Amino acid sequence: QVQLVESGGGLVQAGGSLRLSCAASGRSFSSYAMGWFRQAPGKEREFVATCSWSADYTYYADSVKGRFTISRENADNTVYLQMNSLKPSDTAIYYCAAGRLTTTQARAYDIWGQGTQVTVSS
């Protein structure tokens, strides 16, 4: 089982960019599908992006498609979320997760990081 730690969040103006990182420790990182989720104040957790273990398959929520890119570097045990053209509606705590399936369903992911705050100002 791996442990995940997110970083890279912060405050950015609308239209700006951030890159989130999720560093994994433990064994068999490359065997897990990885996902990014987010939760805004007063909102439920929602899917953002997912990446297969081999990084040959990615899928994005419609709300971020064309703006966000998920990638992974298995040699460094790290998954990334590059966020461009940020909007105030992107403001949320962002969580990375590891699971057995490349899916949009949060319940399919067994391992979660602590989250990193992203705030986008108008």
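What is the order of the four strands in the open sheet? Going across, the order is β1-β3-β8-β7, and the pairing is antiparallel. Keep in mind that this is a predicted model: local features need pLDDT of at least 70, side-chain atom pairs count only at pLDDT 80 or more, and totals for chains, interfaces and linings use all residues. Residues are numbered from 1 along each chain as its sequence is written, and side-chain values use heavy atoms, with hydrogens and water left out.

**A few words first**
- Strands here are DSSP runs (E, at least two residues), numbered from the N terminus.
- Two strands count as paired if DSSP finds at least two bridges between them.
- In general, strands of a sheet pair through backbone hydrogen bonds, either parallel or antiparallel.

**The open sheet**
- With the order β1-β3-β8-β7, the edge strands are β1 (3-7) and β7 (68-73), each pairing on one side only.
- On average, neighbouring strands of this sheet are turned by 15° against each other, direction ignored; the axes behind that angle are lines fitted to C-alpha atoms, and angles run from 0 to 180 degrees between N-to-C directions.
- β7 and strand β8 (residues 78-83) run antiparallel and are joined by six bridges.
- Glutamate 73 sits opposite threonine 78 in β8.

**A look at serine 21**
- Serine 21 belongs to strand β3 (residues 18-25).
- Why call serine 21 buried? Because its relative accessible area is 15%, and buried means under 20% (exposed is over 50%, partly exposed in between, with a 1.4 Å probe and protein chains only).
- Leaving aside residues up to four places away in sequence, serine 21 touches Val5, Glu6, Ser7, Trp36, Thr78, Val79 and Tyr80, where contact means heavy atoms within 4.5 Å.

**Strand β11 and its partners**
- Strand β11 (residues 116-121) has a covered face with Thr116, Val118 and Val120, and an uncovered one with Gln117, Thr119 and Ser121.
- Strand β2 (residues 10-13) runs parallel to β11, with four bridges joining them, and valine 12 stands opposite valine 120.
- Strand β9 (residues 92-99) pairs with β11 in the antiparallel sense over three bridges, and isoleucine 93 faces glutamine 117.

**The largest nonpolar core**
- A nonpolar core is a set of buried Ala, Val, Leu, Ile, Met, Phe, Trp, Tyr and Cys residues joined through side-chain atoms within 4.5 Å.
- The largest one has 35 residues, and Leu4, Trp36, Leu81, Met83 and Tyr94 touch the most other members.
- Elements giving two or more residues to this core include β3, β8 and β11, while β9 supplies the largest share, five residues.
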